[in-house]
Amino acid sequence: MSGTGSEQDIFLKAKNRTFCGLDEDAERVWKGPFCFIVAADPQLGLMKAWSEGDCDGGGDEWEEEIQLTKQAVAAVNQLNPRPRFMALCGDLVHAMPGTPFRAAQEQGLKEALRGIDPAIPLVFVSGNHDLGNAPTPHTVEQYCQAWGDHFFSFWVGGVLCLVLNSQLFYDSSGCPDLKESQDQWLEEQLQKASSSTATEPKPKHVLVFQHIPLYLKSHDEEDDYFNLQKDVRRSLLERFKNAGVKAVFSGHYHRNAGGLHDGLDMVVSSAIGCQLGEDTHGLRVVVVTAEAVVHRYYSLEQLSAGGMDADLHKLLQ
């Protein structure tokens, strides 16, 4: 989304289910390798809240996360070739819906993101702090007003990208109709992805973006706050496999994790903001070739100083 113009122009284009003015018909055609960026959990306010041991509060300071986000934007802007888009995989801010600091944190993040190169669209993925742990129609609508649709699809470079609201998989008790809507829509998207017609070409790859990972290390691990429940996980893994989904990108864990199961890559990226493990504030560079989807996590300092590694750069040539 453009880094100039009104807030409406910058942040709400996804509500029209279009991808930032790109020609969808043209983007359905594979034209060669490209790269994009996966970021997660800027979560403005968590660093202060975590340091004080009060993560139920919204955190009354977020300048450090703003500076980290600006550093991330600067690192992405200098990459050559230019990424086709940058996806932020949820928990944009820490303050839950309806709590103090929410509006100010959202405004702070928007200001920090305004420096992005206008030619690098931003893709927003909803997280539990963006919607509430048990979202309602009201909290979902608030999110949509601030950031765009909570689930949608787009094509880029011959690749079909599905952006999902993972909170509807985790706890939809407050909005069962929204869960049903997403489930029906997702089934339609996956069916189209697995077939090919004269008007609907088969994508080179299918990629999924959501906040909560399917799993952290193993497809059959026990249920946890940081993964989706086993029954939901099994169902999604089967559906994604049948549709040829290549990778699922997520955040939520504030650490790097993931694994490969039946050819599907579960990619969990650590945070721009607060770290809960041994990783550092960073971003993931993803390179898409005709045969593969290759990705690597970089600290903000690494990416700022040296860009992507030579082997990734070579894949783009």
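Q: How much space lies in the second largest pocket?
A: The model is predicted, and the space here is computed from its atoms. Rolling a probe the size of a water molecule over the atoms shows where empty space is left. For the second largest pocket, that space is about 200 Å³.

Q: Which residues are the closest to the centre of the second largest pocket?
A: The second largest pocket is lined by 14 residues. By class, seven of them are nonpolar, two are polar and five are charged. The closest to the centre are Glu 24, Arg 28, Ser 153, Trp 155 and Gln 189.

Q: Which element gives the largest share of the lining of the second largest pocket?
A: Two elements give two or more residues to this lining: strand 4 (152-156) and helix 9 (176-193). The largest share is four residues. That share comes from helix 9.

Q: How are helix 9 and helix 10 oriented to each other, roughly parallel or roughly perpendicular?
A: Two packed helices are described by the angle between their axes and the distance between the axes. The axes of helix 9 and helix 10 (residues 230-243) come within 8 Å and cross at roughly 30°. Angles under 35 degrees count as roughly parallel. Helix 9 and helix 10 are therefore roughly parallel.

Q: How many charged residues does the contact of helix 9 with helix 10 have?
A: Helix 9 brings Asp 183, Leu 186, Glu 187, Leu 190 and Ala 193 to the contact, and helix 10 brings Leu 236, Arg 239, Phe 240 and Ala 243. Six residues of this contact are nonpolar and none is polar. The number of charged residues is three.

Q: At what angle do helix 4 and helix 5 pack?
A: Helix 4 covers residues 63-77 and helix 5 covers residues 102-113. Their axes are 8 Å apart, and helix 4 passes helix 5 in a right-handed crossing. The packing angle is about 25°.

Q: Which residues of helix 5 make the contact with helix 4?
A: From helix 4, the contact takes Ile 66, Thr 69, Lys 70 and Val 73. Across both helices, the contact residues divide into five nonpolar, two polar and one charged. Those of helix 5 are Gly 108, Leu 109, Ala 112 and Leu 113.

Q: What volume does the largest pocket have?
A: The largest pocket is lined by 22 residues, and the closest to its centre are Gln 43, Cys 55, His 94, His 129 and Tyr 225. Helix 3 (46-51) and helix 6 (128-131) each give two or more residues to the lining. By class, the lining has 10 nonpolar, 10 polar and two charged residues. The volume of the largest pocket is about 310 Å³.

Definitions and conventions
Residues are numbered from 1 along each chain as its sequence is written. This is a predicted model: local features need pLDDT of at least 70, side-chain atom pairs count only at pLDDT 80 or more; totals for chains, interfaces and linings use all residues. Side-chain values use heavy atoms; hydrogens and water are left out. On a 1 Å grid over the protein atoms alone, a cavity is a set of points where a 1.4 Å probe fits but cannot get out, and a pocket is an open set with protein on both sides within 12 Å along at least five of seven lines; lining residues have an atom within 4 Å of a point. Grid points are joined across faces, edges and corners, and a volume is the space filled by probe spheres set on the points. Ala, Val, Leu, Ile, Met, Phe, Trp, Tyr, Cys and Pro count as nonpolar, Asp, Glu, Lys and Arg as charged, and the others, Gly among them, as polar. Axes are lines fitted to C-alpha atoms, for helices over the stretch in contact, and angles run from 0 to 180 degrees between N-to-C directions. A crossing is left-handed if the near helix is turned anticlockwise from the far one by less than a right angle, and right-handed if clockwise. Contact means heavy atoms within 4.5 Å. Angles under 35 degrees count as roughly parallel, over 145 as roughly antiparallel, 65 to 115 as roughly perpendicular and the rest as oblique.
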